[in-house]
Amino acid sequence: MSAARKQFEAFKERTDTIPDAELDDFWATLEPATVDGMLGEWKGGEFVTGHKMNGQLEKSRWYGKTSKSASDVQPLVCLDDAGNKFSNVAMGKGEASLWLEEFRGEVTATMVYDGQPVHDHFKKVDDAAVMGIMNGKGVVHDGKYFYFYLERA
């Protein structure tokens, strides 16, 4: 198991609030994700940092994200009452697409939402996992980003 995967698993297992600085330090060690590397079905989770969005995705029964191509992305795949997956276009105000975008001085794969000013930046933990930072108007709260992760389904 790589050092990045070990640290990633340790963050996932934490039950306390994780300081943004710890996640930022980890982010800085990861290589940028590619658009092709983001294709496929992903199961998601969040890192609890005290951000106003912590817990909101869980309430909507967020499952993860699906990228069929760079221009065909479902950013908010949720589960219905029967446990079936669906793209929650109402919550996401549409779908999304994948682009290469600069964030913190690096060009990385970024999911750009169609109907709201939200950009999810990704860096690669390994071939099966990425770390994400949600950025955009209304998402950055008191200077804090929303930190999450995706693992291949």
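Q: Is Phe-26 buried or exposed?
A: Buried, since its relative accessibility is 5% and the cut-off for buried is under 20%. Keep in mind that this is a predicted model.

Q: And Phe-11, buried or exposed?
A: Phe-11 counts as buried too, at 3% relative accessibility.

Q: How many aromatic pairs are there?
A: The structure has 10 aromatic pairs. One of them is Phe-11 with Phe-26, a tilted pair with 5.5 Å between centres and 55 degrees between the planes.

Q: What does that pair tie together?
A: Phe-11 sits in helix α1 (residues 3-13) and Phe-26 in helix α2 (residues 20-29), so the contact joins parts that are 15 residues apart in sequence.

Q: Which rings are in the cluster?
A: Phe-8, Phe-11, Phe-26, Phe-47 and Tyr-149, linked through ring pairs.

Q: Why is the pair of Phe-122 and Phe-148 edge-to-face?
A: Because the planes are at 85 degrees, with the ring centres 5.8 Å apart; over 60 degrees counts as edge-to-face. Phe-122 is in strand β8 and Phe-148 in strand β10, 26 residues apart. Both residues are buried.

Q: Changing topic: how do β6 and β7 run?
A: Antiparallel, with 8 bridges joining β6 (residues 96-103) to β7 (residues 106-113). Leu-100, for instance, has Ala-109 in β7 as its bridge partner.

Q: What about Arg-104 in that hairpin?
A: The hairpin has 2 residues between its strands, and Arg-104 takes a positive phi near 55 degrees.

Q: Where does Lys-85 lie?
A: Over the face of Tyr-63, 4.7 Å from the ring centre.

Notes
Residues are numbered from 1 along each chain as its sequence is written. This is a predicted model: local features need pLDDT of at least 70, side-chain atom pairs count only at pLDDT 80 or more; totals for chains, interfaces and linings use all residues. Side-chain values use heavy atoms; hydrogens and water are left out. Two strands pair if DSSP finds at least two bridges between them. Helices (H or I, at least four residues) and strands (E, at least two) are DSSP runs, numbered from the N terminus. Rings of Phe, Tyr and Trp (its six-membered ring) pair if their centres lie within 6.5 Å; planes under 30 degrees apart count as stacked, over 60 as edge-to-face and the rest as tilted. Buried means under 20% relative accessible area, exposed over 50%, partly exposed in between (1.4 Å probe, protein chains only). A charge sits over a ring if NZ of Lys or CZ of Arg is within 6 Å of the ring centre and within 35 degrees of the ring normal.
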